[in-house]
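Reader: I have a structure to read. Take me through its features, step by step.

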Amino acid sequence: MNVENEKWIAAIASADYVKNGMLVGLGSGSTAAFMIAELGKRVAGGLIMKGIPSSDATAKLAKQAGISLISLDDAGTMDINIDGADEFDPKFQLIKGGGGALLREKILAHNSRFNIIIADSGKKVDGLGKFKLPVETIPFATEIIISELHNMDLKPQLRMKNNEVYKTDENNCIIDVDIFKKDDLQELNNHLIQIPRCGGNRTFLNLYGYCFNGAREQGCYL
Ligand code: 5RP
């Protein structure tokens, strides 16, 4: 099965969890875009829900799909949050943030009663770290955090786009770090969260509740 089909299957399966009246966190990225399209179809078919977008790009997609949006402030706690991932390991630990929306995504995940991750089989790895771990930082602290990450032997690289420093929707910077040789991710996580103003930087360890269904056997992962 090709990757696009796997994304569709996972997206459709995740949309099945969305029931009338729910407040739904909407993740970012190409897999989340399938889920938004699927929810849009269901809204057109009568589903009543409101979305809380994790990025400006997702807000735009959701509006185009006909999904009503509300702010996180107005939503408070969400019923469910559905998002993609860059990598997941056998313990279902994740790397997220390839699309640069990690801090908002993490905030939505934290404020949701239930979290679902949708990913194609290509995201499955034996150990996290082939994909660089994104670390989101406020501009004020970015250089000093790069030094600190360098001292931790994480080979930090400031993310660039079109020859300029990449900025998130929150006007933050992203530093991509190499965790491939790190065996103890929990220790790394604990260390990273000690760094002041280093936001959305974790590997999403132990955060999500995972759901599985038949799609998993077909090579898709919810
Ligand atoms: C954005 C994310 C995305 O969920 C992650 O990058 C996966 O994206 P895609 O579905 O396009 O592979 O964390 O910050």
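Reader: How many salt bridges does a search of the whole structure find?

Author: This is a predicted model. Side chains of opposite charge can pair when their charged atoms come close. In this model the search finds 11 salt bridges.

Reader: Which side chains meet Arg104 in a salt bridge?

Author: Asp169 is one, at 3.8 Å from N to O. Asp169 sits in the loop between strand 12 and strand 13, and Arg104 in helix 5, so the pair ties together parts 65 residues apart in sequence. Glu170 is another, with its closest N and O atoms 2.7 Å apart. Glu170 lies in the loop between strand 12 and strand 13, 66 residues from Arg104. Arg104 is partly exposed, at 23% relative accessible area. Asp169 is partly exposed at 38%, and Glu170 at 41%.

Reader: Are Asp176 and Arg159 buried or exposed?

Author: Both are buried. Their side chains form a salt bridge, 2.9 Å from N to O. Asp176 is in strand 13 and Arg159 in the loop between strand 10 and strand 11, so the bridge ties parts 17 residues apart in sequence. Salt bridges with shared partners also join Asp16, Glu38, Lys41 and Arg42 into one network.

Reader: Now a helix. Which residues of helix 3 are buried?

Author: Thr58, Ala59 and Ala62. They span an arc of only 105° around the axis, so they lie on the same side of helix 3. The buried residues pack against strand 1, helix 2, strand 2 and strand 3. The face turned away carries exposed Ala57, Lys60 and Gln64.

Reader: What comes just after helix 3?

Author: Gly66, with a positive phi of about 85°.

How values were computed: Residues numbered from 1 in each chain as written. Predicted model: local features only at pLDDT ≥ 70, side-chain atom pairs only at ≥ 80, totals over all residues. Heavy atoms only, no water. Buried < 20%, exposed > 50% of the residue type's maximum accessible area, 1.4 Å probe, protein only. Helix = DSSP H or I, 4+ residues; strand = E, 2+ residues; numbered from the N terminus. Arc of directions from axis to C-beta. Contact = heavy atoms within 4.5 Å. Salt bridge = Lys/Arg side-chain N within 4 Å of Asp/Glu carboxyl O.
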